[in-house]
Amino acid sequence: MSDLGKEYHIAGVTVRKVQEQYLRQVAPSFLYPAATVEEIEAIEPGLAAADMDDERETLVVSIHTWLVTTPDHVILIDTGSGNDKERPRNPGFHHQSIPFLERLHHAGVEPGDVDFVINTHLHVDHSGWNTVLEHGKWVPTFKNARYVFPRAEQEYYSSTASHNDVNIPSLGVYEDSVWPIIDGGLADFIDSTGGSFLDRFTFLPTPGHSIGHMSVLVEAGGEAAIFGGDVMHHPIQVERPDLNTVFCEFADQATRSRRRILELAADNRALYFSTHFPGSSAGHVTRNGNRFRWSYA
Ligand SMILES: [Zn+2]
């Protein structure tokens, strides 16, 4: 399988997926604790082949980076889980060795070429490649880039008072993947109101999955694209926006933000770039009243 997704041209930018890994055999009852077996079975026939493992009982989840190239800049949106990280409480991400930077190279991008790194939020699977281990020290991977973090995320995760049962999988992330960027003077912060960025980007506050989670809207020439971060984890949530994942820290806000992004994507015919949907990970949301449907593009 190719490590690079197809190339999308929209709103004056080029978008390509750089795969980090797939998580397979993810039990729906684990990811969506509030959903009953019957509820998942009702959705299953409408899911694409790529959405589930072969026996159609467990889910496939992707972890990847979106490489966005504008006429002026090279931008990465979310940076996977990274190599060599100490994640003893999260064995799936512990001491990884993934040729992610080689895949980026195959996409024609060297670390020094990257102008901006955007983290939609500061969870373990979104900020990992911010840093690499060099001579026993965590250093910025993209040394010429400005890294853009939601300010509320930085404030929250920099304090041990924020540690809770839901964000346990991200313990250690601030110290090895966020602080070295700030310490190196490469970090910029987006306030919780969001707002415009560069010439065609807008940060949309979509809190809930995490405290300061941001989605990114790209608009130009009558076209729109949305990078929704962890507003959704799987196409199941297009069908059932009321379902939060086990990783959503603020449940009611997460549901509201999900519905807002689904409405925005459908009403603007935006191309939606998901952070965890498998397959191409990109597609369209259509709407029939309050019901939404997903189709891959
Ligand atoms: Zn995630």
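This is a predicted model: local features need pLDDT of at least 70, side-chain atom pairs count only at pLDDT 80 or more; totals for chains, interfaces and linings use all residues.

Trainee: Which residues coordinate the zinc ion, and at what distances?

Mentor: The zinc ion is coordinated by D125 through OD, H126 through NE2, D230 through OD and H276 through NE2, at 2.1 to 2.2 Å.

Trainee: What spacing do the donors of the zinc ion follow along the chain?

Mentor: The spacing is D-H-x103-D-x45-H.

Trainee: Why is the arrangement around the zinc ion irregular?

Mentor: The arrangement is irregular because the four donor atoms subtend angles of 83 to 162 degrees. To count as tetrahedral, four donors need all angles between 85 and 135 degrees. For reference, the ideal angle for four tetrahedral donors is 109.5 degrees.

Trainee: Let us turn to the open sheet. What is the order of its strands?

Mentor: Seven strands form it in the order β10-β11-β12-β13-β14-β15-β16, with mixed pairing. The edge strands are β10, residues 195–197, and β16, residues 291–296, and each of them pairs on one side only. From one strand to the next, the twist averages 30 degrees.

Trainee: How many bridges join β15 to β16?

Mentor: Six bridges join β15, residues 282–288, to β16, and the two run antiparallel. Within this part of the sheet, T286 stands opposite R293 in β16.

Trainee: Which helix packs on that sheet?

Mentor: Helix α7, residues 251–267, packs on it. The helix touches β11 (201–205), β12 (214–220), β13 (223–227), β14 (271–273), β15 and β16. The direction of α7 makes about 95 degrees with that of β15.

Trainee: Is β12 mostly covered or mostly uncovered?

Mentor: β12 is mostly covered, with five of its seven residues buried. Five bridges join β11 to β12 in an antiparallel arrangement, and F203 has V216 in β12 as its bridge partner. β12 also pairs with β13 in the antiparallel sense, again over five bridges. There, V218 has A225 in β13 as its bridge partner.

Trainee: Which residue takes a positive phi in the hairpin of β12 and β13?

Mentor: That residue is G221, with phi near 55 degrees. The hairpin has two residues between the strands.

Trainee: What does β3 pair with?

Mentor: β3 pairs with β2, residues 13–26, in the antiparallel sense over 10 bridges. One of the bridge pairs there is V26 with L59 in β3. β3 also pairs with β4, residues 74–77, in the antiparallel sense over four bridges. In that pairing, the partner of V68 is I75 in β4. A hairpin of four residues joins β3 to β4.

Trainee: What follows β4? I am curious where G82 is found.

Mentor: G82 is found in the loop between β4 and α3, residues 100–106. G82 counts as buried because its relative accessibility is 0%. Apart from neighbours within four places in sequence, G82 is in contact with E20, Q96, G128 and W129. From G82 to G229, the separation is 147 residues in sequence and 17 Å in space, C-alpha to C-alpha.

Trainee: And N90, is that residue buried or exposed?

Mentor: N90 also lies in the loop between β4 and α3. With 14% relative accessibility, N90 counts as buried, because the cut-off is under 20%. The side chain of N90 reaches the backbone oxygen of P169 at 3.0 Å. Leaving aside neighbours within four places in sequence, N90 is in contact with V124 and P169.

Trainee: One last residue. Where is Y32 found, and what is Y32 in contact with?

Mentor: Y32 is found in the loop between α1 (28–31) and α2 (37–43). Y32 is buried, with a relative accessible area of 0%. Beyond neighbours within four places in sequence, Y32 is in contact with L59, H233, H234, I236, Q237, L243, N244 and T245.

Trainee: How far apart are Y32 and H105?

Mentor: Y32 and H105 are 73 residues apart in sequence and 36 Å apart in space, C-alpha to C-alpha.

Note on methods:
Residues are numbered from 1 along each chain as its sequence is written. Side-chain values use heavy atoms; hydrogens and water are left out. Two strands pair if DSSP finds at least two bridges between them. Axes are lines fitted to C-alpha atoms, for helices over the stretch in contact, and angles run from 0 to 180 degrees between N-to-C directions. Contact means heavy atoms within 4.5 Å. Buried means under 20% relative accessible area, exposed over 50%, partly exposed in between (1.4 Å probe, protein chains only). Donors are N, O and S atoms within 2.8 Å of the metal (3.2 Å for Na, K and Ca); water is not among the atoms, so sites may look incomplete. Four donors count as tetrahedral if all angles lie between 85 and 135 degrees; four count as square planar and six as octahedral if opposite donors are over 155 degrees apart and all others between 65 and 115; anything else is irregular. A polar contact is a pair of N or O atoms within 3.5 Å; within protein, one must be able to donate a hydrogen and the other to accept it, and residues adjacent in sequence count only if both atoms are side-chain atoms.
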